[in-house]
Amino acid sequence: QVQLVESGGGLVQPGGSLRLSCTASGSILGINTMDWYRQAPGKERELVATLFSGGSTSYAASVKGRFTISRDNAWKAVYLQMNNLKPEDTAVYYCHAWKLREYWGQGTQVTVSS
């Protein structure tokens, strides 16, 4: 079992920055990938960024160049640095991991508004 807990959400003005953290615990050895998803009101959950075990990354087109996913060396924490935030980035952000099955955190709210 893997437990995921997100933190770092909040209210920020357009153009501002936030850094989300996802703390992983339990059986983290062997995690294949970790991702950040988001879900805005009335919309489907969408993949924002993926970090693969080899260190490569991928991003949704809407956040590429503004968001950066990173981790510590042992999958104990994964981060999402979000810069130049826009109102359309407002959503609940979820941490997600793959290890034989998928695991989800409880989500953290990000609101971008003036």
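Residues are numbered from 1 along each chain as its sequence is written, and side-chain values use heavy atoms, with hydrogens and water left out. Because the model is predicted, local features need pLDDT of at least 70 and side-chain atom pairs count only at pLDDT 80 or more, whereas totals for chains, interfaces and linings use all residues.

**The sheet**

Four strands form an open sheet in the order E1-E3-E8-E7, and their pairing is antiparallel. Strands, labelled E, are DSSP runs of at least two residues, numbered from the N terminus, and two of them pair if DSSP finds at least two bridges between them. E1 and E7 stand at the edges with a single partner strand each, so one side of each is left without a neighbour in the sheet. From one strand to the next the twist averages 15°, where the axes are lines fitted to C-alpha atoms and angles run from 0 to 180 degrees between N-to-C directions.

The antiparallel strands E1 and E3 are joined by six bridges; here Gln-3 stands opposite Ser-25 in E3, and Leu-4 stands opposite Ala-24 in E3. E3 and E8 also pair in the antiparallel sense, over six bridges, and Leu-20 stands opposite Leu-80 in E8. In a regular strand the side chains alternate between the two faces of the sheet.

**The nonpolar core**

A nonpolar core is a set of buried Ala, Val, Leu, Ile, Met, Phe, Trp, Tyr and Cys residues joined through side-chain atoms within 4.5 Å; buried means under 20% relative accessible area, exposed over 50%, and partly exposed in between, with a 1.4 Å probe and protein chains only. The largest such core has 31 residues, and those with the most contacts inside it are Leu-4, Met-34, Trp-36, Leu-80, Met-82 and Tyr-93. Strands that each supply at least two residues of this core include E1 (2–7), E3 (18–26), E4 (33–39), E8 (77–82) and E9 (91–99).

Leu-80 shows how such a residue is surrounded: leaving aside neighbours within four places in sequence, Leu-80 is in contact (heavy atoms within 4.5 Å) with residues including Leu-18, Leu-20, Trp-36, Val-48, Phe-67, Ile-69 and Tyr-93.

Leu-85, in the loop between E8 and E9, is also buried, with a relative accessible area of 2%. Not counting residues up to four places away in sequence, Leu-85 touches Val-12, Pro-14, Leu-18, Phe-67 and Val-112, among others. The C-alpha atoms of Leu-85 and Pro-41, which are 44 residues apart along the chain, are separated by 17 Å.

**The disulfide**

The structure holds one disulfide, a term for a pair of cysteine sulfur atoms within 2.5 Å. Cys-22 and Cys-95 form this link, with their sulfur atoms 2.1 Å apart, and at -80° about the S-S bond the link is left-handed. Cys-22 lies in strand E3 and Cys-95 in strand E9, so the pair ties together parts that are 73 residues apart in sequence. Both Cys-22 and Cys-95 are buried.

**The salt bridges**

Side chains of opposite charge can pair when their charged atoms come close. Under the definition used here, a salt bridge is a side-chain nitrogen of Lys or Arg within 4 Å of a carboxyl oxygen of Asp or Glu, and a search of the whole structure finds three.

| Nitrogen side | Oxygen side | N to O distance |
|---|---|---|
| Arg-38 | Glu-46 | 2.6 Å |
| Arg-38 | Asp-89 | 2.9 Å |
| Arg-66 | Asp-89 | 2.8 Å |

Arg-38 counts as buried at 6% relative accessibility, while Glu-46 is partly exposed, with a relative accessible area of 34%. Arg-66, in the loop between strand E6 (57–59) and E7, is 23 residues apart from Asp-89, and both Arg-66 and Asp-89 are buried.
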